[in-house]
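Thanks for coming, everyone. Please look at the screen while I talk you through this one.

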Amino acid sequence: MLARLGWTPALEDDFAPYAADGLEPARVAVEHRGAYRLYTSRGEQPAELSGRFRHAAGSRGELPAVGDWVAVDGAETARVQAVLPRRTKFSRLAANDHGQTIEQVVAANVDVIFLTAGLDGDLNLRRLERYLTLGWESGAEPVVVLTKSDLCDDVDAALLEVESIAVGVPAHAVSNVTGEGIDGLAPYFGENRTVAALGSSGVGKSSLVNRLAGEEVMATGDLRADGRGRHTTTNRQLLVLSSGGLYLDTPGMRELRLWESEEGLTAAFDDVAAVAADCRFSDCAHETEPGCAVRAAIAEGTLDSERLTSWRKLQNELRHLARKQDARLRSEARKEWARFSRSMRKTSW
């Protein structure tokens, strides 16, 4: 059963210390407000965090996320004692965080990420660049999946648009209605691999898994009055497909703010980086500097100016995040020093 869930010899090695303590491995299938459902060697099981683990967790990003492998005890409602090291993780800056910098792990230990957009007016290249940045940073293989091809008059043109920004990323156009293009996605699920689907609400992520599974494994909503799909998935969940592989379905994301993703940004904008390497100055800002290869490429029409604008915007967002994190770390250090000073004054009496 564990092999069917993606268990590997490497995970066996990581788990060895917990096995010695009498714990069992399990994979997080559903997380909802601190309650969990797990896949175990015996089937599905409810779970909660142990008090010790909850207390030891230093941040929200260290708590179990859907797709994580965890070590649990044998209680009827299992208690999570530890999270195994993650091979990959797709993280974003948590929404509605009241100005705090909090990591939200959307999907863990996935092999492939379907970055989905609908061809019914949902496709937005700038938003897709944002998904690609985090997709590359995750360590998983990003794949662009354009749904609702049956509603698009020129699918080839849409694919060309995507390929112009998704450098080195496979792109597929599919229809959940007619089934066109679905077979092209099947190889990504081979060898019990895990595929996560991310994208806006109503693009057809749940309908897509039903097509892939050949049966209705996820509820889907009726179309809205404007023809767009309704949001139906309310929490992330990992599904074991009878046809092979696992599918991690996620609710639509209204906003996707960058988490630490410098390497992902470089990979997503590899075309800009390649041109920038020919600039006269290594610290060229691509503004007024002489010998700027980026501005020359834009003038020649070999590089889209919107790519540079988007790259700058995401780069500035990462810099802003880094500044907020540094300020938070300085604040925590001051508080820790104050606590230490108070304890020293007490012991000196």
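**A walk around helix H3**

Thr133 is in contact with Leu258, Ser261, Gly264, Leu265, Ala268, Phe269 and Leu314, leaving aside its neighbours within four places in sequence. Keep in mind that this is a predicted model.

So where does Thr133 lie? Thr133 is part of helix H3. Is Thr133 buried or exposed? Its relative accessibility is 0%, so Thr133 counts as buried; the cut-off for buried is under 20%. Along the chain, Thr133 and Leu265 are 132 residues apart.

Next, Glu129. Glu129 is also found in helix H3. This is a charged residue, yet Glu129 counts as buried, because its relative accessibility is 1%. What does Glu129 touch? Not counting residues up to four places away in sequence, the list is Ile165, Ala268, Phe269, Arg307, Ser310 and Leu314. Look at Leu314. Glu129 and Leu314 sit 185 residues apart in sequence. From C-alpha to C-alpha, Glu129 and Leu314 are 9.2 Å apart.

Now the helix pair. Helix H3 covers residues 125–138, and helix H4 covers residues 155–165. The two pack at an angle of about 45 degrees, and their axes are 10 Å apart. That angle makes H3 oblique to H4. The crossing of H3 past H4 is right-handed. Which residues make the contact? From H3 we have Leu125, Arg126, Leu128, Glu129 and Leu132. From H4 we have Glu161, Val162 and Ile165. Sort the residues of this contact by type: five are nonpolar, none are polar and three are charged.

Let's move to the core. Nonpolar side chains tend to be buried together in soluble globular proteins. Here, the largest nonpolar core has 73 residues. Which residues have the most contacts inside it? They are Leu38, Val70, Phe90, Leu132, Val144 and Leu146. H3 supplies the largest share of this core, with five residues.

Phe90 deserves a moment. Setting aside residues up to four places away in sequence, Phe90 touches Gln104, Val105, Val106, Ala107, Ile113, Tyr131, Leu134, Gly135, Ser138, Leu198 and Leu256. There is also a second, separate core, of 19 residues. Its members include Phe114, Phe189, Leu208 and Leu212.

Let's step back to the chain. How many helices and strands are there? The count is nine helices and 13 strands. Of the 349 residues, 46% are buried. Now take contacts between residues at least 6 apart in sequence. Of those, 66% join residues at least 24 apart.

Last, the backbone. Most residues other than glycine have a negative phi. Two residues here go the other way. Arg33 has a positive phi of about 55 degrees, and Arg33 is not a glycine. His286 has a positive phi too, near 60 degrees.

Where are they? Arg33 is in the loop between strand S1 (24–32) and strand S2 (35–40). His286 is in the loop between helix H7 (270–276) and helix H8 (293–300). Are they buried or exposed? Arg33 counts as exposed, because its relative accessibility is 78%. His286 counts as buried, because its relative accessibility is 7%.

Key. Residues are numbered from 1 along each chain as its sequence is written. This is a predicted model: local features need pLDDT of at least 70, side-chain atom pairs count only at pLDDT 80 or more; totals for chains, interfaces and linings use all residues. Side-chain values use heavy atoms; hydrogens and water are left out. Axes are lines fitted to C-alpha atoms, for helices over the stretch in contact, and angles run from 0 to 180 degrees between N-to-C directions. Helices (H or I, at least four residues) and strands (E, at least two) are DSSP runs, numbered from the N terminus. Angles under 35 degrees count as roughly parallel, over 145 as roughly antiparallel, 65 to 115 as roughly perpendicular and the rest as oblique. A crossing is left-handed if the near helix is turned anticlockwise from the far one by less than a right angle, and right-handed if clockwise. Contact means heavy atoms within 4.5 Å. A nonpolar core is a set of buried Ala, Val, Leu, Ile, Met, Phe, Trp, Tyr and Cys residues joined through side-chain atoms within 4.5 Å. Buried means under 20% relative accessible area, exposed over 50%, partly exposed in between (1.4 Å probe, protein chains only).
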